[in-house]
Each structure stands twice: as structure tokens, then as C-alpha cells.
Amino acid sequence: MAKEVKKPAKPDEPDLLPAMGLFTILIPMLLSMTAFSKLAIVEVNLPERSMMQMDNETPPEPDEQALNLSLAVTSDYLVIGARGGFQPNVYFKEMWTFRCKSDAKLITHSPDDVKKAVESGHGPKCKDGSEMDKEKYLYEIESIELWAINKESEEDPGKVIWALYSNGGSAEEPIADSAYVDGNNNFIALPGEGAYGLTPPPSLKKPGPGVALATLTPNSARTLKPDVANKNIIYPLSAYDLIAKDLIAIHTQFIDLEDVDNIIIVANDDTQFDKIIQMMDRAKDAGFTKINLAKLGG
Amino acid sequence: MARRTRKYSEDVPFSLTSMMDMMTIILVFMIKNLDAEGQLLTQAENLILPISTSKIQPTEVSLTVVVDKAYIIVDNEKVVATDDVLAQEDLLVEKVNEVLKDRRAIEQEHALKMGLPADEAGHIIVQIDKNIPYDAMYKVMATCGYAGYTNIAFAVMEKNGGEE
């Protein structure tokens, strides 16, 4: 007689209802404790009134050994000054990046183009052809980028410098994160082609996997892995990065001076607050812990 | 011909497994973004704070001054229009100074009652829209300093939402 094969019984599903109940309680509780965007503070110290110079007192003798470092922000360039002298100006082309509400994509325009469009009754143009609100566009700027430009003379409009950046965004929407430097601490960068150098130079190629590179962050030398090498982007070099590199070099060179941690950021009246914070970030990253603010020509 | 409707058996069990998967993903996401310490600083309305690499968190609740495109607000009270501040020549914003001096006097009184030194520099957090001109920011900062709030901190958004 053939042996009857017993069919395995269908396993019972575990009772998930109590776990579901627990999850239903946990999720609203965690939702109330979740922070999707974190706020932080950037400290700046003013001299206290008791320590301020009174009018009838004689001013102290200037310390000739002091570094007296300052960083000036104008509408066209950034410049570092120390001991009465100045480094070469770092010229830039200001660009505004907006995120369009219609297609949720980033668009970048120069302030002049935006103002021209607004004067003719239009808002900044999105990628899908729609226009942003011409009344509110100014307060919808997502980021203010300063593209470093290479100038031969004061009259020269200059050419945008393109550099190799790590990608802080996605493949579809790349965001320039950290600029790479080579073994000699030079940016991997070249001036662009065409009018104002707005076309990336063909000779500036993305290094392949296995190439050793670093960023401005200390101890950041690494060999590019294939996925990172493929993600890297060629993007206009930021004037903030050029200044950051100089600030790091100055702080390292004059580390023995008493006022090596002090810096004064000097700006024009119309400089946006965002630029001041970006400069303060670069100065803090370079090791300048005591940041003072002053007005240009004031 | 009458259309036949399909009959479903009555004992089809309700599967919770896929729901559990979804809940588990949400739970992990929530735990990742959990801020157990709480926030001493909340962003004011009608302004976009600049993004910064700073990770310094405020250690105590301080008086907050907000500078947006329309008003300068001290402790949730509209004090003066931002355009008026931009138009004035003087560094000292008189209306803001009056409010800040009153607040400082109250703070000093409280400190004395608690047996703490009252002459210590006051702490203030300034929330400024990223597109506000430096002129307005500088005048507000100078006014804060004049009123005795010399420990000034600017509120910023952490880069990448504070993720490493």
C-alpha cells in the first residue's frame, strides 16, 4: 500500500495586533520629538562698555607685531588685509539659486538677469518655463553663490574658474560640496571658455578612481573610490573656498602671534547677511575663534 | 443577462505584515531624527535663516531679536519697521534700545534677587533673514551692545539638517 504523504499544515500567522498597537503609540510620540531641521548659533562678541575706549583717554600704541587680520567683503571682490597690506582681490560673480515651486527644481541666475527680468514685468524663469513670483523672489533665494573669476585687469570682465567638487546632492541634481586640492594644495581648477568663461574648460577632466586627492579639511587626503569618482562634478570655483584656503595658510603661518585667532570681517552696507555668515564659517573653520564685525568705510 | 458578482469568502484574514513593515520603516526614520535634548531655540516666522557649518547649540534660553524683511521684533513684539532702520543714519535704533534696556533691567533685578552677579554681559540671540542687508544687522547688533547685551549669537540652520 502506498504511504500517504502528509501535507504540512499551514503555519499560523503570529498575532501582530499588539505590536501594531505599540507602534501606533510610539510613532506620534516620536513625531513630537523629531527635529527635521536643526538650529544652531554662531557667536560674536562685542567689547563690553566698561572695556570700551573713553574719548578723553589716549589711544593705546599700535602693536607692530600684531597680525591685525581683516577680511573685506565688497560687491565685486573679497580681500584679506593684514599689517596694513592687502592680498590680491578675489573677484567673484554673484549668482542666486532659487527652488521653483512649480517643478521643485533648482535654477541659478545672476542678480543682474533677475533684476532685468523683474523690471520688464517677469519673475525669474524656471526650467519648466514657468515664472517665479516677481514680488517675492528676493526672499526665496535658496543660496547665494560667489563664482570666483580670473581677471587680467580691472576692466577685464574676467572668466569664471571651474573646479573639481565632490557632489553633495544627487546625480540628477548635483550640489557642489567640497573643492578638491592636489598634492601641492592647489585647486584642480581652470578658467572657463566662451563669454565670461561660462562654459567648463574641456581640458579640466574628472580624475578617475585611484587618484589621491584632498579637500581643505585637515587630514582629508583620500584615494578616490569608483563610486565617489563618478559622482564628482565640475562646478564654478567658489570665492569662499579661495578665501578659506588663504585663511588656513595665514593661521598656520602666524600661529605664534598673540592675535592669531582674531579676525575682523568688514562689509558694505548692502552686503546680504548670508555672505557674512559664510565668511564667519570659513574663518572659524580656519581657526579664527574671535570674530569681530565692522563696516566698510564706517 | 444579469451580471454575476464574485462572492468573497467571509474568512479572509486581514494581513498586518505589510503594515508592520511600513511601521518599522517609519519608526527607524523617526528614531534617526529624534532630538532627545529638545530645542531651546525655535525659528521665527517669515524669515529664512542662513545655513552654516556651526554645530553650537544654545545652552540657555536667551532673549531673541528677530529681523525680517518687514519688522524688528523683540521677544515676539513688533518694535520698528526694518525699512525705517535702514533709512536712519544713526547706529543706535532708539525704539529697540528702549525695549532692550527695560529687559536688561528686569534681568539684572532677577539676578540680584537670586544672588547672582548682575553686571555680567547679557546674552541675546538674533535671528536675521539671510537676505537682510548688513546695514540693518550692524545697527541692531550695535543697539544690543549699547543696551548691555554684548554676548550676541546669530541663529543659523545647521548644514544638511544637522546630519553628519
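Q: How many helices and strands are there in chain B?
A: This is a predicted model, so take the elements as computed from it. Reading along the sequence, chain B goes α-β-β-β-β-α-α-β-α-β. That gives four helices and six strands.

Q: What share of the contacts in chain B with a separation of 6 or more comes from residues 24 or more positions apart?
A: Chain B has 164 residues, and 30% of them count as buried. For its contacts with a separation of 6 or more, the share from residues 24 or more positions apart is 66%.

Q: How many of the 16 residues in helix 1 of chain B are buried?
A: A residue needs 20 or more other C-beta atoms within 10 Å of its own to count as buried. Helix 1 of chain B is hardly covered, and its count of buried residues is zero.

Q: At what angle do helix 3 and helix 4 of chain B cross?
A: Helix 3 is residues 94-113 and helix 4 is residues 134-146 of chain B. The contact uses B:Val96, B:Asn97 and B:Leu100 from helix 3, plus B:Val140, B:Thr143, B:Cys144 and B:Tyr146 from helix 4. Those residues split into five nonpolar, two polar and no charged. The crossing is right-handed, the axes come within 9 Å, and the angle is roughly 35°.

Q: How far apart are the axes of helix 4 and helix 5 of chain A?
A: On the helix 4 side of chain A the contact includes A:Tyr240, A:Ile243 and A:Leu247, and on the helix 5 side it includes A:Gln278, A:Arg282 and A:Asp285. The contact residues divide into seven nonpolar, two polar and two charged. Helix 4 of chain A passes helix 5 of chain A in a right-handed crossing. They pack at an angle of about 30°, with their axes apart by 9 Å.

Q: Which element supplies the largest share of the largest nonpolar core?
A: That core has 87 residues, and those touching the most other members include A:Ala163, A:Ile265, B:Val67 and B:Cys144. Leaving aside neighbours within four places in sequence, A:Ile265 has contacts that include A:Leu71, A:Ile276 and A:Leu293. The largest share of the core, seven residues, comes from residues 239-253 of chain A, which is helix 4.

Q: Which element gives the largest share of the side of chain A that touches chain B?
A: The contact takes 42 residues from chain A and 52 residues from chain B. Helix 1, strand 1, helix 5 and strand 15 of chain A each supply at least two residues of the chain A side. That side divides into 26 nonpolar, six polar and ten charged. Its largest share, nine residues, comes from helix 1 of chain A.

Q: Is A:Lys295 buried, partly exposed or exposed?
A: A:Lys295 sits in strand 15 of chain A. Not counting residues up to four places away in sequence, A:Lys295 touches A:Val266, A:Asp269 and B:Tyr138. Buried takes 20 or more other C-beta atoms within 10 Å, and exposed takes 12 or fewer. With 16 other C-beta atoms within 10 Å, A:Lys295 is therefore partly exposed.

Terms used: Residues are numbered from 1 along each chain as its sequence is written. Chains are lettered from A and ligands numbered from 1 in the order in which they are written. This is a predicted model: local features need pLDDT of at least 70, side-chain atom pairs count only at pLDDT 80 or more; totals for chains, interfaces and linings use all residues. Two residues are in contact if their C-beta atoms, placed from the backbone, lie within 7 Å. Ala, Val, Leu, Ile, Met, Phe, Trp, Tyr, Cys and Pro count as nonpolar, Asp, Glu, Lys and Arg as charged, and the others, Gly among them, as polar. A nonpolar core is a set of buried Ala, Val, Leu, Ile, Met, Phe, Trp, Tyr and Cys residues joined through C-beta atoms within 7 Å. Axes are lines fitted to C-alpha atoms, for helices over the stretch in contact, and angles run from 0 to 180 degrees between N-to-C directions. A crossing is left-handed if the near helix is turned anticlockwise from the far one by less than a right angle, and right-handed if clockwise.
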